[in-house]
Amino acid sequence: MKAFTYERASDPAAAARIVAAKPGAKFIAGGTNLLDLMKIEVETPVHLVDVQDLDLQRIENTDGGGLRIGALVSNTQLAADERVRRDYGVLTRATVAGASGQLRNKASTAGNLLQRTRCPYFYDTNMPCNKRKPGTGCGAIGGYSRQLAVIGGSDKCIATFPGDMPVALRVLDAVVETINGQGQRRSIPIADFHRLWGDRPEQDTVLKPGELITHVVLPRPLGGKHFYEKVRDRASYAFALVSVAAVIQPDGTGRVAFGGVAPKPWRVPEAEALLPRGAAAVTARAFQGATPTSDNAFKLPLATRALVSVIAQAKA
Amino acid sequence: MKFETAEGTNPIDRMKVIGRAHDRVDGPLKTSGLAPYAYEQKGLENVAYGYIVGSSVAKGRITRIDTAAAKAAPGVIAIVTAADAGKLGKGKNNTAKLLAGPEVEHYHQAVAVVVAETFEQARAAASLVRVDYARVKGRFDLAEELKTAPLVGGSGGPNSSAPPIDRVGKFEEAFAAAPVKLDAAYHTPDHTHAMMEPHASIAAWKGDELTLWTSNQMIAWSKRDIALTLNMPLEKVRLISPYVGGGFGGKLFVRADAIMAALGAKAAKRPVKVALPRPFITNNTTHRPATHQRIRLGANTDGTITAIAHESGSGDLPDGGPETAVQQTKLLYAGANRMTAMRLAVLDLPEGNAMRAPGEAPGMMALEIAMDEMAEKLGMDPVEFRIRNDTQVDPEKPQRQFSQRQLVRCLQEGATRFGWSKRNAKPAQVRDGQWLVGMGVAAAFRNHISTKSAARVRLGRDETVTIETDMTDIGTGSYTIIAQTAGEMLGVPAEAVVVKLGDSAFPASAGSGGQWGAANATAGVYAACVKLREQVAQRLGFNSADVVFDAGQVTSGNRSAALREAAAAGELVAEDHIEFGKLGEEWQLSTFGAHFVEVGVNAYTGVSRIRRMLAVCAAGRILNPKAARSQVIGAMTMGVGSALMEELAVDKRFGFFVNHDLASYEVPVHADIPHQEVVFLDEADDKANPMKAKGVGELGMCGVGAAVANALYNATGARVRDYPITLDKYLDKLPDVA
Amino acid sequence: MSDFLEPGVSRRGLIAGSVASVAVANTPARSVAQPTTKASEAPMMPVRFTVNGQQHSLSLDTRTTLLDALREHLHLTGTKKGCDHGQCGACTVLVDGQRINACLSLAVMHEGDEITTIEGLGTPDKLHPMQAAFVKHDGYQCGYCTPGQICSAVAVLEEIRAGIPSHVQTDVAGKPKFTAAEMRERMSGNICRCGAYSNIAEAMIEVAGAKA
């Protein structure tokens with residue numbers, strides 16, 4: 001771990017200002033992903049701005065009948081909130097399907113959106129990785145790619161976004177609110193928040209340097225039945241091979257997003273519209289143009305089967 | 001004490017202290033966090049921190065090491081590379097060198113250690129060491145290399161001219177003639193031990209004497225190998241390893257943490273502590289090698305096996321050894337015509353070596369699926385098929401009998417308890433909601449190994465009994481069963497015995513490995529206690545032949561005296577060892593069991609879940625049923641891991657194990673494991689040792705993976721012969737749901 | 001470019017002159033664009049927190065994790081380093097009553113916090129009920145993951161009592177129950193390679209029952 005200086009911020013705009021002004025500065029909240037990566041020097045910040053004291057720790061009702069979740073609300077706090085459990089079951093389910101109890105106590109809402117990929121070549125600094133070190137190549141292409149993307153990757157990178165909670169946020173059409181050093185706020189629909197890798201896999205999201213997430217806003221509840229079906233090799237404490245977040249209405253329509261398959265939570269509105277016609281129709285459309293490797297081609301039928309399971313549960 | 005004839009009645013048979021389900025004597029220390037592991041030794045002054053730099057290539061030559069930037073980094077005290085380590089030897093048990101240079105033999109092989117004032121400084125400076133390599137082409141593809149790999153092993157021994165294929169009768173002819181045949185290939189992947197405590201050592205020099213607090217299973221072996229590696233006299237080396245946070249074979253040998261701590265401490269002229277970082281352990285240390293196996297079974301229509309052949313291929317670095325996956329097939333089932341053979345490919349992956357039940361663990365994973373497949377071909381119940389082919393003699397040398405063999409009873413008892421009769425022999429028939437449910441069975445088998453083991457016993461003036469032996473407790477319960485053994489022998493409660501372990505200053509024991517630790521180490525303690533009893537009797541003026549030690553009293557006929565009186569005039573000390581004659585050649589000493597598993601497979605997603613597990617074991621006298629049960633459930637858990645999720649992924653281009661941390665190499669978690677049941681048959685093996693005990697720690701792992709595989713087949717109808725059985729391998733065989 | 005890597009490595013995956021070059025540096029990706037720079041002195045910072053009821057004032061390298069502060073500075077080695085990456089749970093401690101992985105938290109981030117480690121739960125002479133239950137049910141073998149398991153187990157019972165939902169709950173809006181399935185799921189962040197899971201679950205059920 002490279003040496004770094006550390007300070008605690010007391011004001012969101014001030015925190016953003018510091019990080020924007022100082023090359024190599026980063027925010028730290030829960031630290032559960034950043035410190036992991038700093039220890040192996042995948043991340044090498046020279047300055048950390050600890051945002052834990054900021055007043056971003058509450059979940060408030062919005063005028064629009066939704067919820068405004070502070071960026072520092074822990075995964076545990078979010079999952080346990082009565083309103084979230086009642087009205088946004090998919091979010092509670094996705095959140096408690098991720099990581100472990102200990103990690104969820106520390107991990108923040110904003111940090112969850114900013115999780116970096118778990119691609120093993122990204123994690124091994126001896127290996128080529130365009131995401132970690134632009135221009136070095138991709139070790140995963142032609143390598144071990146069982147966990148990696150089947151769609152949305154590029155010839156530079158086939159990493160997946162590893163999180164669970166954001167897959168549910170995608171289904172809920174959440175909005176990410178940020179602030180920058182000038183105190184300007186912006187709202188980013190979750191659909192636009194994570195990038196596809198293209199030629200710049202080093203950039204995970206559309207956030208600008210120093211831009212700080214302050215809240216995640218949930219629109220008014222959707223009703224319907226909420227599901228988060230996470231398929232993994234062991235029963236808990238593992239990243240998804242494939243996950244399905246879904247809200248299904250009594251008439252068989254609904255929303256669905258997939259995790260573990262792409263650089264971002266994967267939701268295709270045209271595919272989702274086919275829900276009444278069954279899972280196979282949805283996934284055929286959602287994964288149109290998929291380019292799986294021989295290691296991870298199984299994710300395509302698996303995604304279909306996981307969605308069949310969700311639809312069956314919705315009908316039960 | 002030499003053990004040469006079957007044991008008659010001895011004081012252990014009373015089983016007043018030994019053989020009881022005693023809580024671990026080290027439990028309060030372990031549960032309160034006060035048991036000191038290697039990296040945690042206190043009382044050392046001025047300890048510096050070492051951090052190892054590993055090779056970034058799998059095979060090649062170091063052309064240049066530039067340590068200037070690292071040396072200039074804050075807090076750095078010393079840096080040691082092969083260029084300034086002096087001439088190093090190699091341990092007898094090491095295949096690859098522990099410090100590379102100039103040749104690099106495998107990925108993450110240590111190339112330097114950076115010593116600094118703090119851990120943070122050492123870690124940061126280590127990344128500033130710049131190493132240039134001339135990379136050369138390596139061999140990383142086992143399947144490819146096995147095509148031309150030579151045969152190895154066989155019963156002829158290393159210098160024998162006998163062909164390295166073991167044969168009995170005429171396998172090929174019998175197989176060709178058999179009315180029912182199976183010929184199938186199986187694959188097991190590379191596994192990593194993933195013990196929870198990383199390899200760790202603290203080294204301290206006093207002049208030319210080295211003390212190493214280290215996490216190690218085999219003190220005497222490792223003391224020897226440290227002396228060999230550092231080119232120093234044996235008597236100048238001391239190893240201390242009182243608590244070992246798991247080993248599973250990964251800590252049988254000296255590893256880089258110990259050598260680099262010693263070299264770093266010498267250079268820094270201060271004690272140095274080194275722990276291997278978790279992402280470094282997999283490729284830096286040893287692993288269980290992958291196997292490609294072929295099994296052929298031929299049988300008559302009544303289920304009698306007439307031909308059995310097992311071939312296995314594995315790989316290792318030059319001068320390494322094979323994974324002996326055919327071992328159990330020589331002994332487990334009858335059959336007049338037999339063949340076993342192994343091939344060993346040279347691979348430039350990290351060093352292959354022992355992991356819990358080497359040989360049998362992967363061998364049984366294959367053989368016991370084959371038995372299930374064959375039973376189905378025969379239309380027989382798989383329990384019945386195994387019973388039909390039981391043998392009470394060594395099938396290769398029929399004049400040798402098993403000292404004890406209750407495999408049939410294990411299978412029958414297990415079948416009854418598990419409700420085996422409710423199993424539907426036709427796969428994919430039983431459903432519980434969205435779950436396809438199936439049951440599987442496998443035999444368990446692991447040989448018992450007798451090996452010399454010594455101990456010292458002291459009877460203090462305050463009546464305290466103290467045992468000293470270099471035996472280790474790696475979670476096996478050594479502290480407890482040794483206390484129980486001494487307690488039984490001297491007529492005191494286990495709590496009254498102080499057990500001191502893991503110090504090379506103590507008499508050399510069997511150590512912990514190959515499930516030989518418990519039986520041999522306690523037999524060594526038994527031998528020392530027999531000697532002490534003689535001294536006690538003599539001090540008290542008793543005829544030693546008929547003396548009874550019980551409840552703190554020593555009694556002979558109608559005379560009785562307090563044990564403490566014997567030491568009133570001064571401490572009594574006795575030291576002895578157990579060694580073995582030819583009984584183990586005359587008799588086959590093995591342990592047996594049966595595993596029963598119920599698996600559910602989600603009909604939609606293919607996710608598998610273990611629903612029930614039962615093991616019935618016959619392994620000689622069980623010294624502490626509580627600790628022994630834990631050994632078995634732990635082995636069953638590891639067996640579930642190897643059946644369903646564990647696999648080191650090989651990158652055949654760069655030549656390394658890709659998933660080298662605990663997030664990407666998945667081992668079972670709480671949620672994967674249901675309540676587990678273990679039954680021990682009542683046994684005492686008088687041909688094994690005076691304790692009449694054998695081992696269970698590896699038996700519990702042998703076969704369980706296949707029982708899971710067979711249950712999964714029974715649930716789904718999908719036969720997967722390529723471990724681990726992850727859902728991607730059978731998803732397309734599940735019922736159509738779309 | 002060396003020839004032997006060519007067949008195995010996808011051309012689109014690897015660019016010329018990176019790792020496939022004949023001479024490769026130990027950390028090629030870094031050393032290509034960023035020749036070795038002099039390491040800067042790490043700043044020291046003061047931090048105060050309470051561990052097991054005792055106040056501590058430390059001056060630490062900012063890089064020091066809470067785990068290393070406990071183990072290497074306060075010599076409370078009951079909290080274990082199993083992976084140092086949040087992948088095993090051996091370092092689980094309670095901070096202001098919540099369990100966290102001490103390895104993935106900087107010590108300087110814990111100013112003013114109340115930390116409880118395994119040493120603060122009980123001592124060999126006076127074991128916490130959960131520690132005693134682990135001994136009774138043989139909920140451990142090598143003992144290395146044990147302090148983390150016990151800290152986690154204590155917190156898990158509180159989490160169930162507080163109604164925090166889990167992955168295995170059928171109705172996440174409802175109240176969780178003290179079942180074995182709940183405990184197994186919630187304990188899954190604590191890996192035990194010795195495989196004492198079955199016994200740990202029984203120890204927890206006993207303590208939960210005794211408390212309920």
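Okay, let's start with a pair of residues in chain B: R61(B) sits across from E103(B), which belongs to β5(B). Before I go on, the ground rules: this is a predicted model, with local features needing pLDDT of at least 70, side-chain atom pairs counting only at pLDDT 80 or more, and totals for chains, interfaces and linings using all residues. Residues are numbered from 1 along each chain as its sequence is written, chains are lettered from A and ligands numbered from 1 in the order in which they are written, and side-chain values use heavy atoms, with hydrogens and water left out.

Back to that pair. The strands involved are β3 (residues 60-66) and β5 (residues 103-104) of chain B, antiparallel, with two bridges between them. When I say strand or helix, I mean a DSSP run, E of at least two residues for strands and H or I of at least four for helices, numbered from the N terminus. And two strands pair if DSSP finds at least two bridges between them. Now β3(B) also has strand β7 (residues 130-135) of chain B as an antiparallel partner, this time through six bridges. So who faces I65(B) in β7(B)? That's V131(B).

While we're around β5(B), have a look at the loop between β4 and β5 of chain B, where P102(B) is placed. The bond between G101(B) and P102(B) is a cis peptide, omega about -10°. There's another cis peptide bond, from Y723(B) to P724(B), with omega near -5°. P724(B) is out in the segment after α17 (704-716) of chain B. You'll find D319(B) in the loop between β16 (305-316) and β17 (337-346) of chain B.

Chain B has an open sheet of seven strands, and going across you read β4-β6-β2-β14-β11-β12-β13, with mixed pairing. Which strands are at the edges? Those are β4 (76-81) and β13 (237-240) of chain B, each pairing on one side only. On average, neighbouring strands here are turned by 20° against each other, direction ignored. For angles, axes are lines fitted to C-alpha atoms, for helices over the stretch in contact, and the values run from 0 to 180 degrees between N-to-C directions.

Then there's helix α7 (residues 256-268) of chain B, packing on that sheet and touching β2 (48-54), β4, β6 (110-116), β11, β12 (209-214) and β14 of chain B. Contact, by the way, means heavy atoms within 4.5 Å. The direction of α7(B) makes about 35° with that of β11(B). Further into the sheet, β11 (residues 200-206) and β14 (residues 272-275) of chain B pair antiparallel over four bridges, and A200(B) has A275(B) of β14(B) opposite.

Next, chain C against chain B. The contact involves 72 residues of chain C and 83 residues of chain B. About 6200 Å² is buried there, with carbon and sulfur atoms giving 56%; buried area is the accessible area (1.4 Å probe) that two parts lose on being put together, summed over both. How many salt bridges cross between chain C and chain B? Five, where a salt bridge is a side-chain nitrogen of Lys or Arg within 4 Å of a carboxyl oxygen of Asp or Glu. R193(C) and E646(B) form a salt bridge, at 2.7 Å, N to O.

L104(C), M109(C) and H167(C) supply 15% of what chain C buries against chain A, more than any other three residues. The salt bridge count for this interface is one: K39(A) with D84(C), 2.7 Å, N to O.

Last stop, chain A itself. It's assigned domain 1 (5-53) and domain 2 (225-315), with bounds from an automatic or database domain assignment. Taken over C-alpha atoms, the centres of those two domains of chain A are 35 Å apart. Okay, that's my tour.
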